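Let's walk through this structure together, from single residues to the chain as a whole. Keep the sequence and the 3D view side by side as you read.

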Amino acid sequence: MASLFHCTASKLSSAQPLRHALLRKNLAAISAFFSTSSSQSAIKNVMVIGSGLMGAGIAQVAAATNHQVTMVDQTNAILTKSMRSIEKSLDRVAKKKFKDDAEGGNKFVADTLGRITITTEPNTAIGDTDLLIEAIVENMRTKHKLFTDLDNAAPSHTIFASNTSSLPIREIASVTKRKDKFGGLHFFNPVPMMKLVEVVRTPETTDDTFDALFQFSKELGKVPVSCKDTPGFVVNRLLVPYIMEAVRMLERGDASARDIDTAMKLGAGYPMGPMELADYVGLDTTKFIIDGWHEEYPDVPLFEPSEILNDLVARNKLGRKTGEGFYKYD
């Protein structure tokens, strides 16, 4: 028994150097694999197409979280105006974040602005882009033209994302050759304040692409939620039919706009009633979304258009932004 143990121990002892060598080799390979994977999926350079409220907000939060950002729009005048808006927004953030440190606040603003480059020529600036986020007008033809052009110019590793709130991601991506690297990143207005991001995947979106978008949202300090490419994703899919049901109650004469809003605020604890919310969002925006869904899904009763809504929009009574919608505003 002793000799057997001694023999076994001897074999184990002689095997140790070999095992250690193999272990070191395997660890090096594993380390290299994860290092390569993380470097491939890390998003450092971001291009934002569109510098309106949403695009400028996305550019701001990306730059504030140490991403290099290129913001694109049609003219330098538009871009200059957007940069001024971003600077004002950053000043407000700095006053809260660096309450007792004016120097730190000034540095935060300067450093963030320094990470944003503006251009009217995305095709020539896209070379190092890891993630492209589109935040332009909600028009499928316009989005198709944009993504067709950029698909040809962008590096193969670049992930494309749309900030659309209502159009199908899969249809937007259909004109590209990178459907596997295409997803939705739906931010909420105002972007610097609102924590939620809906991360939308199509059947073609790979796990690597989705994970990169999800992680990027976290890096921005947001709370991402996952959603399939369904009409309106999560929030608008629930919110717009809710607004439309309230409008239909008004159409039927079941209750007044004021009473509907009061009931939902006091009975359901909502901060704003559905009619007030529709005026805040913009009646044209609500109509655009519901019309698009109705065209795509004509047999779904929740997506039926509204005569009252159509009439208000036709008379340019779009809510708060025009001074009148379901309510009048001073």
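**A guided walk through the chain**

Asn66 counts as exposed, at 58% relative accessibility. (Buried means under 20% relative accessible area, exposed over 50%, and partly exposed in between, with a 1.4 Å probe and protein chains only.) Before going on, please note that this is a predicted model, in which local features need pLDDT of at least 70 and side-chain atom pairs count only at pLDDT 80 or more, while totals for chains, interfaces and linings use all residues. Residues are numbered from 1 along each chain as its sequence is written, and side-chain values use heavy atoms, with hydrogens and water left out.

Back to Asn66, which sits in the loop between α2 (53-64) and β2 (68-72). (Helices, H or I with at least four residues, and strands, E with at least two, are DSSP runs numbered from the N terminus.) Although Asn66 is not a glycine, its phi is positive, about 70°. Asn316 also has a positive phi without being a glycine, here about 60°. You will find Asn316 in the segment after α13 (307-314), and with a relative accessible area of 49% it is partly exposed. One more backbone feature to look up is the cis peptide bond that joins Asn189 and Pro190, with omega about 0°. Pro190 belongs to the loop between β6 and β7 (196-201).

Now zoom out. The chain has 13 helices and 8 strands, and buried residues make up 41% of its 330 residues. Among contacts with a separation of 6 or more, 64% are between residues 24 or more positions apart; contact here means heavy atoms within 4.5 Å. The accessible surface of the chain comes to about 18,200 Å², and 56% of that belongs to carbon and sulfur atoms. (Accessible areas come from the Shrake-Rupley method with a 1.4 Å probe; for residues, only the protein chains shown count as cover.)

Leaving aside neighbours within four places in sequence, Pro122 is in contact with Met47, Ile49, Val72 and Leu150. Pro122 and Met71 are 51 residues apart in sequence, yet their C-alpha atoms are 8.7 Å apart in space.

How enclosed is helix α11 by the rest of the structure? Of the 8 residues in this helix (residues 274-281), 6 are buried, so α11 is largely enclosed. Those buried residues are Pro274, Met275, Glu276, Leu277, Ala278 and Asp279. Their cover includes α9 (235-252), α10 (257-267) and α12 (283-296). Val281, also in α11, is partly exposed at 36% relative accessibility. Together with Met272 and Tyr280, Val281 forms a nonpolar surface patch with about 270 Å² of accessible area. (Patches are made of residues with over 30% relative accessible area and no salt bridge; like charges are joined within 9 Å, and nonpolar side chains, Val, Leu, Ile, Met, Phe, Trp and Tyr, within 5 Å.) Just after α11, Gly282 takes a positive phi of about 115°.

Let's turn to charge. Side chains of opposite charge can pair when their charged atoms come close. A salt bridge is a side-chain nitrogen of Lys or Arg within 4 Å of a carboxyl oxygen of Asp or Glu, and by this rule the count comes to 16. In helix α6 (residues 140-153), Asp149 and Lys145 lie 4 residues apart, about one turn of the helix, and their side chains meet in a salt bridge of 3.4 Å, N to O. Lys145 is exposed at 57%, whereas Asp149 is partly exposed at 34%.

Asp151 makes a salt bridge with Lys177, with the closest N and O atoms 3.6 Å apart. Asp151 lies in helix α6 and Lys177 in the loop between α7 (169-173) and β6 (182-187), so the pair ties together parts that are 26 residues apart in sequence. Asp151 is buried at 6% relative accessibility, while Lys177 is exposed at 66%.
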